[in-house]
Structure formats: C-alpha cells, structure tokens
Amino acid sequence: DGIDLATMLRQRIPELKEQAEHVECPKVTLRQFLEPYFLYDSCPHVQRLVTDRKAPTQRYIWDQRRRIERLVFDDEISSIDVHELRPGHFEDWKARCASALKEESTQRLYGDRTINQTLTALKICFNEGIHRGEIDFNPVQLVGKIREEPEDFGIYSIDELRRIFILEPE
C-alpha cells in the first residue's frame, strides 16, 4: 500500500464534508441557552468570576436574572434556535421592549436603562458561550444601546422649601 496517510485523508475530505452536512445538531433555543445564566450555582460566567476572585454580588446576579426572565424569556425571541439568531432578531426584540406598554396605560413597561442593562447581560452570556466553545458568534455584539434621556430633577424655590419644612399655609 504505497498511499501515505496525507494522501488518503485528502481523498476522504469530500466524503467527510458531505457526511458532516447531514449531521443534525440538536436545537438549543435561546431560553435553553440562557437557562443556567445568572443563577449563582449554575452560571458558568459567575463560576469563572468566583474562581478568579472577582465574584459579583448576589444582588447583581439576581437583578440580571430577573431582567432576562422578564424581558427575554417572556418574549418570542426565547424560542429561536441560538445558532440561528442574528443581530436583527435582537434589534426587533429591543423595539418590542421599547414599545411595550403597561396594561390599560400609555406608560412604557420597560425603560431604556432596563433594556440596555438586559442587552449587557445578554452580551455577557453570549461572550461566555463563545469562551466555552458552545457557540461561534455573539449576535448581540453589534446591537447598539438605546440612548437614555437624562432625568429632569426639579429644583424647589425658597418659598416651596419653606412651605414644605415650615408648613406655612399658602
């Protein structure tokens, strides 16, 4: 058999490529991918930070998890295969969140800051997935944040402060 190993492998490459195209990868939805994240005992990101002695606070973990549950798990995006997600899916998700209204109200359900913080949490999850070899692409990386309007804080006049603290009748 005068065929060396390299030649034999080169001859088999087309056959192996064809076989690989027919292998079905199990579908992993966004919800399934995010399920372990921001739970102290199962989150790969938190566990890595703990190992590196950079452990986040319980409050931070809880806040991030709550945002993901409210804004992502309750949205249609959570049922899409994580390998099929593209930045456009998250742009649409961001628009849905920004336009969602409270029941029987014209007031928005989610503020710009909450949406932006959720985007940051999603970026962390996807970057961790890349770090661990679970996924190859972070579809949230190219999604921009919503510009947050600064809150206007009112300034009381001296007369208003007197009425508040001295309780003078008007």
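Just after helix 3, R53 adopts a positive phi of about 60 degrees. Helices, here and below, are DSSP runs of H or I with at least four residues, strands are runs of E with at least two, and both are numbered from the N terminus. The model is predicted, so local features need pLDDT of at least 70 and side-chain atom pairs count only at pLDDT 80 or more, whereas totals for chains, interfaces and linings use all residues. Residues are numbered from 1 along each chain as its sequence is written, and side-chain values use heavy atoms, with hydrogens and water left out.

Helix 3 itself covers residues 44–51, and its buried members are P44, H45, V46 and L49. A residue is called buried under 20% relative accessible area, exposed over 50%, and partly exposed in between (1.4 Å probe, protein chains only). The cover over the buried residues of helix 3 includes helix 4 and helix 6, where contact means heavy atoms within 4.5 Å.

**Overall form**

The chain contains 7 helices and 0 strands, which gives the pattern α-α-α-α-α-α-α along the sequence. The C-alpha trace spans about 105 × 40 × 25 Å along its principal axes. Of the 170 residues, 30% count as buried. The accessible surface amounts to about 12200 Å², with 52% of it belonging to carbon and sulfur atoms; such areas come from the Shrake-Rupley method with a 1.4 Å probe, and for residues only the protein chains shown count as cover. Among contacts between residues at least 6 apart in sequence, 62% join residues at least 24 apart.

**Nonpolar core and aromatic cluster**

In soluble globular proteins, nonpolar side chains tend to be buried together. A nonpolar core is here a set of buried Ala, Val, Leu, Ile, Met, Phe, Trp, Tyr and Cys residues joined through side-chain atoms within 4.5 Å. The largest such core has 29 residues, and those with the most contacts inside it are L30, F33, L34, V72, F90, W93 and F126. Two or more residues each come from helix 2 (30–34), helix 4 (58–73), helix 5 (87–99) and helix 6 (112–131). Helix 6 makes the greatest contribution, with 7 residues.

The structure holds 5 aromatic pairs. Rings of Phe, Tyr and Trp (its six-membered ring) pair if their centres lie within 6.5 Å, and planes under 30 degrees apart count as stacked, over 60 as edge-to-face and the rest as tilted. F33 and Y37 form a tilted pair, at 5.6 Å centre to centre and 40 degrees between the planes. F33 counts as buried because its relative accessible area is 6%, and Y37 does so at 1%. Both belong to one aromatic cluster, formed by F33, Y37, F90, W93 and F126.

Beyond its neighbours within four places in sequence, W93 contacts L71, V72, D75, I77, I115, T118, L119 and L122.

Helix 6 has 20 residues and reaches 28 Å from its first C-alpha to its last, close to the 28 Å expected at 1.5 Å a residue; the expected span is 1.5 Å times one less than the number of residues. T118 lies in this helix and is buried because its relative accessibility is 0%. Residues up to four places away in sequence aside, T118 touches R67, L71, V72 and W93.

Just after helix 6, G133 takes a positive phi of about 80 degrees. G133 is placed in the loop between helix 6 and helix 7, and counts as exposed because its relative accessibility is 58%. E149 lies in the loop between helix 6 and helix 7 (158–166) and is exposed at 51%.

| Pair | Separation in sequence | C-alpha to C-alpha distance |
|---|---|---|
| T118 and V72 | 46 residues | 8.4 Å |
| G133 and P26 | 107 residues | 15 Å |
| E149 and R113 | 36 residues | 9.2 Å |
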